[in-house]
Amino acid sequence: MTMVERIGKFEDMAPGSARQVIIGPYRIAVVRIDDALYAIDDRCSHQDISLAEGEVLCHEKQLECWKHGSAFSLETGLPQSFPAIKPVSVYEVCVVDGEIEVRIP
Ligand code: FES
């Protein structure tokens, strides 16, 4: 069953920022770049580190883990650099009535 969660207003999220949201058992990093939103697992696949605490690489559309520097594609979840080698999950995210909505299949 798909879980749908509204996590706050789109206008309250600054461009180039990331935030952690907890939805049931899921810890998700929601990222805004310009007017686009992305949602990936908020758990680096190398170690249990919050990716939302890392740096948003706007031009590359990646989120960089602060611990050892692996950057994950916000579009595919694939790591673009070592030491992480496994992808993280990517989730659907959109804006409905001005609210950010995350969908977990
Ligand atoms: S914990 Fe993220 S790259 Fe090592």
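The following legends describe several views of a predicted model of one protein chain.

Figure 1. The protein chain contains nine strands and zero helices. Its elements, read along the sequence, follow the pattern β-β-β-β-β-β-β-β-β. The radius of gyration is 13 Å, close to the 13 Å that the globule rule gives for 105 residues, so the chain is as compact as a globular protein of that length. Along its principal axes, the C-alpha trace spans about 40 × 30 × 20 Å. Of the 105 residues, 29% count as buried. Among contacts with a separation of 6 or more, 41% come from residues 24 or more positions apart.

**Figure 2. Six strands form an open sheet.** The order of the strands in this sheet is β1-β9-β8-β4-β3-β2, and the pairing is antiparallel. Strands β1 (residues 3-9) and β2 (residues 17-23) are the edge strands, each of which pairs on one side only. Neighbouring strands of the sheet are turned by 30° against each other on average, with direction ignored.

**Figure 3. Strands β8 and β9 form a hairpin.** Two residues lie between the two strands of this hairpin. The turn includes D97, which has a positive phi of about 55°. Strand β9 covers residues 99-104 and runs antiparallel to β8, to which it is joined by five bridges. Within this pairing, V95 stands opposite I100 in β9.

**Figure 4. Strand β8 also pairs with strand β4.** Strand β4 (residues 36-41) and strand β8 (residues 90-96) run antiparallel and are joined by two bridges. In this pairing, A39 stands opposite Y91 in β8.

**Figure 5. The largest nonpolar core has 23 residues.** The residues with the most contacts inside this core are A29, V30, V31, I40, L51 and L63. Two or more residues come from each of the elements β3 (residues 26-33), β4, β7 (residues 71-73) and β9. Strand β3 gives the most to the core, with five residues. In soluble globular proteins, nonpolar side chains tend to be buried together.

Figure 6. When neighbours within four places in sequence are left aside, V31 is in contact with A18, Y38, V56, L63 and L74. V31 is also one of the residues with the most contacts inside the largest nonpolar core, and so is its contact partner L63.

**Figure 7. Y38 is a buried residue of strand β4.** Is Y38 buried or exposed? Y38 has 21 other C-beta atoms within 10 Å. A residue counts as buried when 20 or more such atoms lie within that distance, and therefore Y38 is buried. Leaving aside neighbours within four places in sequence, Y38 is in contact with V31, L74 and V93. By comparison, Y38 and K67 are 29 residues apart in sequence and 21 Å apart in space, C-alpha to C-alpha.

How values were computed
Residues numbered from 1 in each chain as written. Predicted model: local features only at pLDDT ≥ 70, side-chain atom pairs only at ≥ 80, totals over all residues. Pairing = 2+ DSSP bridges. Helix = DSSP H or I, 4+ residues; strand = E, 2+ residues; numbered from the N terminus. Core = buried A, V, L, I, M, F, W, Y, C linked by C-beta atoms within 7 Å. Buried ≥ 20, exposed ≤ 12 C-beta atoms within 10 Å, placed from the backbone. Contact = placed C-beta atoms within 7 Å. Axes fitted to C-alpha atoms, helices over the stretch in contact; angles between N-to-C directions. Rg over C-alpha atoms; globule rule 2.2 N^0.38 Å.
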